[in-house]
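Have a look at the model first.

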Amino acid sequence: LQAGSIAARLPQSVRHAVWARLQRLSSAEREVLEMMSLVPGSTEAWLLHELKGNDAKVLAEKCCEAGMLLKDGQGSYRFRHELARLATLESVPESARRSGHRQILAVLARREAVELARLVHHAAAGEDDEAVLAWAPLAAREAAALGAHLQAAGHLATALRFAGAAGKAVRAQLLEDWSYEAGLSQALDDEVIAARKKAVQLWRELGRRDKVGLNLRWLSRLYWYRGESILADEYLTEAVSELEASGPGPELAMAYSTRSQYHMLHDRMEEAVNWGKRAIELASRVDAQETRAHALNNVGSALLFSGDEAGKDYMEESLRLSLQMGF
């Protein structure tokens, strides 16, 4: 938290009351509270010990007696009220905050089974670019796997704030991943589309036609979701062209399948079947099983919508494959 955002959340009466209590404590007790103010929620006894040495527990107990802290059933300590933590945090100079967050990060990073989100929080607050770029994408991946796509987008947004000096490939991947997670959890707005376009630019500069094609395909989908079918068609055509120029591969198979889906959704069933069969053939050849399931679904849908019962076999095979592979 920056000083300005903290101040905006603190009533003046709370600030003065907390600061008055802080002044009645010893310097060692204040130091413990200031370090704890950097940790949202509870601070474990082992973490306090690692940060402040053998006297940490005694000092924390004195802060409990002074009415600043509470101790829970697991032996962890927390501020009596979140506003008290924020008021204490506001009293810590910015440089001391940064160094404190880096100390906490160093301790947490050495310990097994620490939540990745905690590492990201302290890395970002400590303005440690390298640590943010190491931990934030991992935390995003973990959150996405649990279905917490809003959290995943938040971690990736944090990484992007610190990615200014990172290589083009790192920035392009972060933009690509953030656009996906934000599109799922927030809104298909101009910012999500702009991230994909920036990723296309960076991948072009790196000569990565496969990645250019992937992001052009996603731009097509984003515009289709927004009801802008002309732009969707233009970006999909460009994606297919880009990927055909780079040779057969999984991304080209998915572009073919997306083209099949696009035709099916526009009631052009013959084209949907033709593109879908091309996708099935290529996906089978390059072992892109998820794309194969996608294309089978498109062809099956198009056939059934056309009154052709053969579409049922395609749909059943798509379902079987998806269940088998966990798609």
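## A link between helices

At 38% relative accessibility, Glu244 counts as partly exposed (that is, between the under 20% of buried and the over 50% of exposed, with a 1.4 Å probe and protein chains only). Arg278 is partly exposed too, with a relative accessible area of 38%. The two side chains meet in a salt bridge at 3.5 Å, N to O (a side-chain nitrogen of Lys or Arg within 4 Å of a carboxyl oxygen of Asp or Glu). This pair ties together distant parts of the chain, 34 residues apart: Glu244 sits in helix 14 (residues 229-245) and Arg278 in helix 16 (residues 269-285). Helices here are DSSP runs of H or I, at least four residues, and strands are runs of E, at least two, numbered from the N terminus.

This is a predicted model, where local features need pLDDT of at least 70 and side-chain atom pairs pLDDT 80 or more, while totals for chains, interfaces and linings use all residues. Residues are numbered from 1 along each chain as its sequence is written, and side-chain values use heavy atoms, leaving out hydrogens and water.

## Other charge pairs

Glu94 and Arg98 form a salt bridge as well (3.6 Å, N to O), and both belong to helix 7 (residues 94-109), 4 residues apart, about one turn. Arg204, Arg209, Glu238 and Glu242 join up in a salt-bridge network. Searching the whole structure turns up 21 salt bridges.

## Overall build

The protein has 18 helices and 2 strands. Its C-alpha trace spans about 80 × 40 × 35 Å along the principal axes.
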